[in-house]
Amino acid sequence: MGILASGPLRRTLYLTVTVAFSVAALPITAVAGTPALGVSASAAGLLTAAYGLGNLAGSAGVMIRPSRTEADRLTTRLAATIAAALLLISLAPSFPLAIAAYAAAGIANAYFFAATLAARSEYAPDNARGQIFVWVGALKITAGSAGTAAAGACVSASLLLPLLLGTALTLAATLLSSAERHHRRRNPHPDLPPPDAPPTRTASEHATRTPGPGRTVRRAPRARARPLSRGGPCSGPNRP
């Protein structure tokens with residue numbers, strides 16, 4: 001599959017799926033967490049509205065000032081931001097702080113979604129761009145549905161369990177993408193030696209090697225012509 005063969009597309013895929021699974025728990029935890037915040041269950045609508053307004057504000061920010069960071073790196077950083085927002089929601093001690101944390105999660109998710117779109121558009125080949133968009137979108141919807149179901153099943157056991165699970169999964173995916181990118185940058189071709197390894201040359205390559213950037217070609221010394229002996233048939237003007 002072309003998505004798994006490409007490093008940036010592969011990282012975009014599992015980050016998108018993980019984030020969709022994690023943020024799908026927010027509507028469930030908004031309803032279940034209102035008693036712990038000292039408000040009625042109807043106030044969960046304000047938390048959900050804060051998340052939606054954060055998404056709207058983030059979308060407006062992307063349109064006003066698009067990011068110039070490389071899409072592959074940006075998705076990793078924004079996924080880490082979403083993990084931090086989920087952790088803030090789980091640790092919010094009061095209702096106003098919970099509203100702010102939900103809004104921050106919405107803003108981060110809007111920027112993350114824009115970054116995934118940029119990554120799919122930038123790294124997908126022309127002959128498969130449409131299929132890649134459809135596959136990633138379908139898997140995102142599936143992950144969101146699974147996240148809602150998992151949150152509904154876990155919230156009865158513990159109010160913080162869906163948020164902590166989403167935080168852990170998103171953080172793990174972030175660390176995996178960062179480590180994968182770092183390893184790929186150190187050795188882009190696993191079958192070849194690392195880029196900082198000294199080059200190996202045979203004896204015949206010392207005289208005829210291809211120059212690299214900033215290098216000069218060392219040529220073998222040219223053999224001197226032997227002078228003609230005086231008195232020979234081709235001694236030139238010094239002929240006796």
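Leu87 sits in helix H5, where helices (H or I, at least four residues) and strands (E, at least two) are DSSP runs numbered from the N terminus. With a relative accessible area of 35%, Leu87 is partly exposed; buried means under 20% relative accessible area, exposed over 50%, and partly exposed in between (1.4 Å probe, protein chains only). Please keep in mind that this is a predicted model, in which local features need pLDDT of at least 70 and side-chain atom pairs count only at pLDDT 80 or more, while totals for chains, interfaces and linings use all residues. Residues are numbered from 1 along each chain as its sequence is written, and side-chain values use heavy atoms, with hydrogens and water left out.

**Overall fold**

- The protein chain has 8 helices and 0 strands, giving the pattern α-α-α-α-α-α-α-α along the sequence.
- Of the 240 residues in the protein chain, 35% are buried.
- Contact means heavy atoms within 4.5 Å. Among contacts in the protein chain with a separation of 6 or more, 74% are between residues 24 or more positions apart.
- The protein chain exposes about 14800 Å², and carbon and sulfur atoms supply 64% of that area. Accessible areas come from the Shrake-Rupley method with a 1.4 Å probe; for residues, only the protein chains shown count as cover.

**The surface around Leu87**

- Together with Leu91, Leu160 and Leu164, Leu87 forms a nonpolar patch on the surface, with about 340 Å² of accessible area in total.
- Patches are made of residues with over 30% relative accessible area and no salt bridge; like charges are joined within 9 Å, and nonpolar side chains (Val, Leu, Ile, Met, Phe, Trp, Tyr) within 5 Å.

**Nonpolar cores**

- A nonpolar core is a set of buried Ala, Val, Leu, Ile, Met, Phe, Trp, Tyr and Cys residues joined through side-chain atoms within 4.5 Å.
- The largest nonpolar core holds 30 residues, of which Leu26, Leu47, Ile82, Ile89, Tyr102 and Phe112 touch the most other members.
- Two or more residues of this core come from each of H2, helix H3 (26-32), helix H4 (44-64), H5, H6 and H8. H6 gives the largest share, 8 residues.
- Not counting residues up to four places away in sequence, Ile89 touches Leu26, Ala101, Tyr102, Ala105 and Leu163.
- There is also a second, separate core of 10 residues, including Ile3, Ala128, Ile132 and Val136.

**Helix H2**

- H2 has 17 residues and reaches 24 Å from its first C-alpha to its last, close to the 24 Å expected at 1.5 Å a residue. The expected span of a helix is 1.5 Å times one less than its number of residues.
- This helix is mostly covered, with 14 of its 17 residues buried.
- Thr18 lies in H2 and counts as buried at 16% relative accessibility.
- Leaving aside neighbours within four places in sequence, Thr18 is in contact with Leu169, Thr170 and Ala173.

**Salt bridges**

- A search of the whole structure finds 6 salt bridges, each being a side-chain nitrogen of Lys or Arg within 4 Å of a carboxyl oxygen of Asp or Glu.
- Glu180 and Arg10 form one of them, with the closest N and O atoms 2.2 Å apart. This pair links distant parts of the chain, as Glu180 is in helix H8 (residues 161-186) and Arg10 in helix H2 (residues 7-23), 170 residues apart.
- Glu180 is buried, with a relative accessible area of 19%, whereas Arg10 is partly exposed at 25%.
- Arg73 and Glu70 meet through their side chains in a salt bridge (3.2 Å, N to O). Arg73 is partly exposed at 31% relative accessible area, and Glu70 is partly exposed at 38%.
- Arg129 pairs with Asp126 in a salt bridge, the closest N and O atoms being 3.0 Å apart. Here Arg129 counts as partly exposed at 26% relative accessibility, while Asp126 is exposed at 67%.
- Salt bridges that share partners join Arg10, Arg11, Asp72, Glu180 and Arg181 into one network.

**The loop at Ser94**

- Ser94 lies in the loop between helix H5 (71-91) and helix H6 (95-123), and counts as partly exposed at 25% relative accessibility.
- The C-alpha atoms of Ser94 and Leu37 are separated by 5.5 Å, although these residues are 57 residues apart along the chain.
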